[in-house]
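Here are my notes on this model, in the order I would read them. Please keep the structure open alongside.

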Amino acid sequence: MGILKKIKDLISTQIITIDDLETKNFKKEEWFKTNTGLDNTPKLGILTCLIYTSKKINLCNDALLKKYKAKIKLNSAYRTPAVNKKVKGSPSSKHMQGLASDIDIIDENQKEMAPKDGAKLLMDILSENKISFDKILIERNCIHIQFNLDEKKDDKSFEFAELINGEWVTTNVELINNKWVIKNA
């Protein structure tokens, strides 16, 4: 590769920074905050994925505000492997890739919705706005949503997830007539 091509590629390459996570909806620090006391700063490769996740979550938030006057509260997004282990995350968690977020849905009265109820609104928004996602896990305390960079690999699955004896156990569900129904395996 010639030197002029290298310079042109360098100039045309967008440099991303943590500041690119800052939006009207979320502060940049919300995407990698932790209570563990461990360093949780994303590296460049992870940052690219985290910005992708941020864009998806911001689309959901804007649509929730418009249709339901509800909004997303971000609880957890990126986690280093050490932070993930400390918070008892799944060993294969997409949080470590910057491709997952744990969220709550805050209703128009500024009250946190139960995860199963917030997930109903989120599912409606995802479907109506054709926002691609891989998986939604409805956990006891939050909604986990994860993405793939290659949207062709998306499962678009919904599951209840529970930590039992140190292991994450999931149950496939679907929403039928506004009620959660366990899918037959």
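1. Start with two definitions. Helices (H or I, at least four residues) and strands (E, at least two) are DSSP runs, numbered from the N terminus. The expected span of a helix is 1.5 Å times one less than its number of residues. Helix α2 has 25 residues and should span 36 Å at 1.5 Å a residue; its end C-alpha atoms lie 35 Å apart, which agrees. After α2 comes K69, with a positive phi near 55°.

2. A word on the source. This is a predicted model, where local features need pLDDT of at least 70 and side-chain atom pairs count only at pLDDT 80 or more, while totals for chains, interfaces and linings use all residues. Residues are numbered from 1 along each chain as its sequence is written, and side-chain values use heavy atoms, with hydrogens and water left out.

3. Next, charge pairs. Side chains of opposite charge can pair when their charged atoms come close. A salt bridge here is a side-chain nitrogen of Lys or Arg within 4 Å of a carboxyl oxygen of Asp or Glu. The structure holds 9 of them. One network of salt bridges links K67, D124 and E128.

4. What does the salt bridge of E151 and K56 tie together? The N to O distance is 2.8 Å. E151 sits in the loop between β4 (143-146) and β5 (157-164), and K56 in α2 (residues 44-68), so the pair ties together parts 95 residues apart in sequence. Buried means under 20% relative accessible area, exposed over 50%, and partly exposed in between (1.4 Å probe, protein chains only). E151 is partly exposed at 38%. K56 is buried at 7%.

5. D102 and R79 form another salt bridge, with the closest N and O atoms 3.0 Å apart. D102 is in β2 (residues 100-106) and R79 in the loop between β1 (71-76) and α3 (81-86), so parts 23 residues apart in sequence are tied together. Both D102 and R79 are buried.

6. K94 and D134 also meet in a salt bridge, at 3.8 Å, N to O. K94 lies in the loop between α3 and β2, and D134 in the loop between α4 (115-128) and β3 (135-138), 40 residues apart. K94 is buried at 12% relative accessible area. D134 is buried at 6%.

7. Last, β4. Two strands pair if DSSP finds at least two bridges between them. β2 and β4 run antiparallel, joined by 4 bridges; A100 has Q146 as its bridge partner. β3 and β4 also run antiparallel, with 4 bridges, and I136 partners I145. A hairpin of 4 residues joins β3 to β4.

8. Which residues cover the faces of β4? I143 and I145 are buried on one side, H144 and Q146 on the other.
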